[in-house]
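Have the sequence and the 3D view ready as you read.

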Amino acid sequence: MNLRQYLRDNRITVVIVILAVLAPASWFLERWVAGPPAVNDFVGPPVSDYELYTSKVWSYDVTGQLNFIMTSPRMNRRAGDESLYINAPEFTIIAKKPGIPNWQGNAPYGWVNKSGTLMRLDNAVYMWRPAYAQGPMATLCTSNVTGWPKENRMETADPATMTQGASVMNGVGMRANLNDNHLELLHDVHGTMYSSQNNATAKPVDCRAIAAPPRTSEAG
């Protein structure tokens, strides 16, 4: 039997064998011509490890004393860097001197790093301290604050309005060390100051009634 006769009599088997050989060969040829597949370098948004609702966080200083308390209706712990993204934080900064009340505050958004040593308060930030024996009520209106909770320090480059009693001060940029109740406006500072006696009897001013609209930023 010659080859032609064999191929004609067994054409189905021959076709199957040819297809079996050509299929991988064509795949290898395509890979050689086209090159390796493109790498998908798209990086999506951070993924939450978990979410906390109606949560509360405590921060302690290097000596082990309570330094900072934050509550929030929702916190997201992000995978990777293990930081916290916080919605509508309300916070208390613990006073370090006897007889001086704590500072209270709030912001639309917040962020705290894994170790709790660095914090951001995004968009409008409002803080207040109640009146006490040695001083009238104090308020602070600013935005986009960076803080160091374990050191009770914070700063911003944005405009800030500070009040104490009826005294009002405005400026651009602010530094604060709340361990010694020191708040400093850095640039373009102006305002109205009252003497201690007049300030004690005058109607206190809340910065929210007079502060310029805050600068906004994207929340993380």
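How many cavities of 30 Å³ or more does a search of the whole structure find? The search of this predicted model turns up one.

**The cavity**
- The largest cavity holds about 50 Å³ of space.
- Its lining is made by Phe68, Ile93, Met119, Trp148, Pro149, Asn152, Arg153, Met154 and Leu178.
- Sorted by class, seven of these lining residues are nonpolar, one is polar and one is charged.

**The largest pocket**
- About 440 Å³ of space lies in the largest pocket.
- Its lining has 22 residues, and those nearest the centre are Arg129, Ala138, Thr163, Gln164 and Asn199.
- Strand 8 (138-148), strand 9 (153-164), strand 10 (167-177) and helix 3 (196-201) each give at least two residues to this lining.
- In the lining of the largest pocket you will find 12 nonpolar residues, nine polar ones and one charged one.

**The second largest pocket**
- The second largest pocket has about 290 Å³ of space.
- This pocket is lined by 22 residues, with Cys141, Pro159, Thr161, Ala211 and Ala212 nearest its centre.
- At least two lining residues come from each of strand 7 (119-129), strand 8, strand 9, strand 10 and strand 11 (182-192).
- By class, the lining of the second largest pocket splits into 12 nonpolar, seven polar and three charged residues.

Note on methods
Residues numbered from 1 in each chain as written. Predicted model: local features only at pLDDT ≥ 70, side-chain atom pairs only at ≥ 80, totals over all residues. Heavy atoms only, no water. 1 Å grid on protein atoms, 1.4 Å probe; cavity = no way out; pocket = protein on both sides within 12 Å on 5 of 7 lines; lining within 4 Å. Points joined across faces, edges and corners; volume = space filled by probe spheres on them. Nonpolar A, V, L, I, M, F, W, Y, C, P; charged D, E, K, R; others polar. Helix = DSSP H or I, 4+ residues; strand = E, 2+ residues; numbered from the N terminus.
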